[in-house]
Amino acid sequence: MFNDLSSLQPYLSTRRSGRPRDMIAPGPNSEQLQSIIEMALRTPDHGKLAPWRFITIALQQREQLAHIMAQALRIASPNCSNTQINSACETAYLAPQLIIMVYAPNLQSKIPEVEQLLSAGAAGMNLLHAVHAHGFVGSWITGWAAYDENIRREFCEEHEQITGFFYIGSAKQPLVERPRPEPKEHIHAWMPKA
């Protein structure tokens, strides 16, 4: 069983994202979505800067998002066929709920930008935890659209960047495990240098 909510330890041991293509309704209602985002805000944040923003994309805005993505792709890759553009933009329609997360560093702060970026990453992970805690499945995807300059300008100020697209819904089919890192390859005891 994935995302076992019986207590915190089993949940963290079984946490699994869902695939956006496999997400169906229901998604969170407005109160659940508010709760999910409020939980995401409870993240480590040196200097209390909150260097991130969440932008909700309503279902009725998906066609407009797909249009923005198609325009951006035509600019970035003028030789793309309509089939390639349609395929690349279908992500705008996946899952009942879509949130774009923006990294918004405070450039005047003495807090190093790397710490602000780590805080944004923690907020993104908290968002996924909150989604699962509400009984939904979520997925954090970047992909080409997160790095496209024209899409970035649509959602971000000059010094900001998209950190990902968060898809939220219900699982259409059972989640399956993916390969996980081997603990012994990533856990090392410190050996002081002579």
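A crossing of two helices is left-handed if the near helix is turned anticlockwise from the far one by less than a right angle, and right-handed if clockwise. That term is needed at two stops below.

**Before selecting anything**

This is a predicted model: local features need pLDDT of at least 70, side-chain atom pairs count only at pLDDT 80 or more, and totals for chains, interfaces and linings use all residues. Residues are numbered from 1 along each chain as its sequence is written, and side-chain values use heavy atoms, with hydrogens and water left out.

**Whole chain**

Show the protein as a cartoon. Eight helices and five strands are present; these are DSSP runs (helices H or I, at least four residues; strands E, at least two), numbered from the N terminus. Read from the N terminus, the order of elements is α-β-α-β-α-α-β-α-β-α-α-β-α. The C-alpha trace spans about 60 × 45 × 35 Å along its principal axes.

Colour by accessibility next. Of the 194 residues, 41% count as buried, where buried means under 20% relative accessible area, exposed over 50% and partly exposed in between, with a 1.4 Å probe and protein chains only. Contact here means heavy atoms within 4.5 Å. Among contacts between residues at least 6 apart in sequence, 75% join residues at least 24 apart.

**Stop 1: the loops on either side of H2**

Select Pro26, in the loop between strand E1 (23-24) and H2.

Move to the loop between H2 and E2, where Lys48 lies. Lys48 is not a glycine, yet its phi is positive, near 55°. Its relative accessibility is 77%, so Lys48 counts as exposed. Ala50 is found in the loop between H2 and E2 as well. Ala50 also has a positive phi, of about 45°, without being a glycine. With a relative accessible area of 35%, Ala50 is partly exposed.

**Stop 2**

Two packed helices are described by the angle between their axes and the distance between the axes. Axes are lines fitted to C-alpha atoms, for helices over the stretch in contact, and angles run from 0 to 180 degrees between N-to-C directions.

Select helix H2 (residues 30-40) and helix H5 (residues 113-133): they pack at about 140°, with axes 7 Å apart. H2 is therefore oblique to H5; angles under 35 degrees count as roughly parallel, over 145 as roughly antiparallel, 65 to 115 as roughly perpendicular and the rest as oblique. The crossing of H2 and H5 is right-handed.

Which residues of H2 and H5 meet? Show side chains for Ile36, Ile37, Met39 and Ala40 in H2, and for Ala123, Asn126, Leu127, Ala130 and Val131 in H5. By class, this contact has eight nonpolar, one polar and no charged residues. Ala, Val, Leu, Ile, Met, Phe, Trp, Tyr, Cys and Pro count as nonpolar, Asp, Glu, Lys and Arg as charged, and the others, Gly among them, as polar.

**Stop 3: H3 against H4**

Select helix H3 (residues 62-76) and helix H4 (residues 82-89), which pack at about 130° with axes 9 Å apart. That angle makes H3 oblique to H4. H3 passes H4 in a right-handed crossing. From H3 the contact takes Ala66, Met69, Ala70, Leu73 and Arg74, and from H4 it takes Asn82, Gln84, Ile85, Ala88 and Cys89. Sorted by class, the contact of H3 with H4 has seven nonpolar, two polar and one charged residues.

**Stop 4: the nonpolar cores**

A nonpolar core is a set of buried Ala, Val, Leu, Ile, Met, Phe, Trp, Tyr and Cys residues joined through side-chain atoms within 4.5 Å. The largest has 28 residues, of which Ile100, Ile151, Phe155, Ile162 and Phe165 touch the most other members. Strand E2 (52-57), H3, H4, strand E3 (97-103), helix H6 (144-147), helix H7 (149-155) and strand E5 (161-171) each give two or more residues to this core. H3 supplies the largest share, seven residues.

Centre on Phe155. Apart from neighbours within four places in sequence, Phe155 is in contact with Arg53, Ile55, Ile57, Leu65, Ile100, Val102, Glu160 and Ile162. Another core, of 18 residues, lies apart from the largest one and includes Met101, Ala123, Val131 and Ile168.

**Stop 5: Thr163**

Finish in strand E5, at Thr163. Is Thr163 buried or exposed? Thr163 is buried, at a relative accessible area of 14%. Draw a C-alpha to C-alpha distance to Tyr103: 6.0 Å, for residues 60 apart in sequence. Leaving aside neighbours within four places in sequence, Thr163 is in contact with Met101, Val102, Tyr103, Trp140 and Thr142.
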